[in-house]
Amino acid sequence: MLQLLCTNRPPVKIGCLTTAKNTPGSRASRIAMASSTDDNGFGALRARWPFPPQRPYPPFHAPLTLAHGRGKDGRELVVDLVRGIREPLILELGVFLGGSLARWLEDIPNVRVVGVDPYDWGSNSTDYIDAWTLQKPWKRQWRQYVPQLAEPKAFLNTVYSNLWADQEQTVIVQGFSPSILVELHKQGLRPDVIYFDNDKSLHDLWVAHTLWPTGVHFSGDDWGWSQIINIRPRDAKRGRPYNTSHNAAGNVCDFARKANFRVSARGATWVLHSKMQQGAREQQHAQIPDEVDCTQSEKAIRGRSIQSRRKRWT
């Protein structure tokens with residue numbers, strides 16, 4: 001198992017690094033030194049995934065990070081989670097242009113952030129930004145950045161540029177989740193919050209909870225996200241597709257019900273509250289601001305997810 005992981009990219013596992021010659025000034029030496037002196041594994045990751053020596057671009061205007069306006073997205077729920085922690089560490093899955101990372105760095109004193117994104121999207125994301133700037137007249141002023149995003153490694157370099165002033169507190173890891181979570185756990189990373197802003201199926205949430213079952217807050221974006229997918233039935237003789245709604249809120253509630261969590265949501269942000277970590281029975285029934293009744297939510301989701309027959313396949 002370890003041998004297989006050591007041969008995969010990106011090689012951030014301590015087991016792989018200890019095989020290198022540990023000479024002064026070498027990458028293995030820097031990582032070993034960082035991991036021995038740093039809290040929660042942050043220093044080792046920062047040595048493995050450094051910022052470039054020079055800023056690639058000027059920073060984007062804030063709206064092009066696609067971060068929502070303050071007071072409307074619910075991200076203050078995440079800020080509240082880490083109040084009282086001296087140097088909180090947030091692991092974020094799905095960075096894109098770094099909008100939410102910038103929010104944590106601005107609003108949370110002494111925070112450290114680790115962002116994970118493969119940055120291997122091809123032209124789809126450039127086309128997405130191009131279409132985004134055409135949605136409304138006020139967005140067109142940011143069309144000047146579309147050519148920049150078409151350059152090689154442009155999205156990654158844009159994130160470096162946007163977060164340049166906070167690089168001492170920031171690590172950007174290139175990798176695919178959930179497999180990268182195993183490597184980060186082996187590296188010794190111990191986050192205070194894991195924030196999910198990637199695949200809304202939330203398979204990553206199950207993996208993260210297995211790796212970090214206690215001591216971590218789970219939160220994420222896009223509470224109201226849903227997507228309609230046409231699925232061809234297994235019985236080809238019926239010849240009719242089914243229209244199925246996949247809802248992020250439903251996946252969060254499904255996890256919460258099975259893993260014994262309570263859910264709060266505000267705007268696009270959701271947060272899980274462990275019943276086990278709350279302690280006494282009376283605390284388990286204490287009021288949580290913006291708590292969601294997942295029973296009711298699931299009923300609504302099931303109502304939207306009822307399979308309905310559509311026109312015949314051609």
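User: Is the crossing of H10 and H11 left-handed or right-handed?
Analyst: A crossing is left-handed if the near helix is turned anticlockwise from the far one by less than a right angle, and right-handed if clockwise. The crossing of H10 and H11 is right-handed. A caution before we go on: this is a predicted model, where local features need pLDDT of at least 70, side-chain atom pairs count only at pLDDT 80 or more, and totals for chains, interfaces and linings use all residues. Residues are numbered from 1 along each chain as its sequence is written, and side-chain values use heavy atoms, leaving out hydrogens and water.

User: At what angle do the axes of H10 and H11 cross?
Analyst: Axes are lines fitted to C-alpha atoms, for helices over the stretch in contact, and angles run from 0 to 180 degrees between N-to-C directions. Helices (H or I, at least four residues) and strands (E, at least two) are DSSP runs, numbered from the N terminus. Here the axes of H10 and H11 (residues 203-211) cross at roughly 20° and come within 9 Å.

User: Which residues of H10 and H11 make the contact?
Analyst: Contact means heavy atoms within 4.5 Å. H10 brings Leu-181, Val-182 and His-185, while H11 brings Asp-204, Val-207, Ala-208 and Leu-211.

User: And which strands does H10 lie across?
Analyst: H10 (residues 179-187) lies across S1, S2 and S3, at about 160° to S1.

User: What is the strand order in the open sheet?
Analyst: Two strands pair if DSSP finds at least two bridges between them. The seven strands follow S3-S2-S1-S4-S5-S9-S8, with mixed pairing. S3 and S8 stand at the edges, each with a single partner strand, so one side of each lacks a neighbour in the sheet. S8 and S9 run antiparallel, joined by six bridges.
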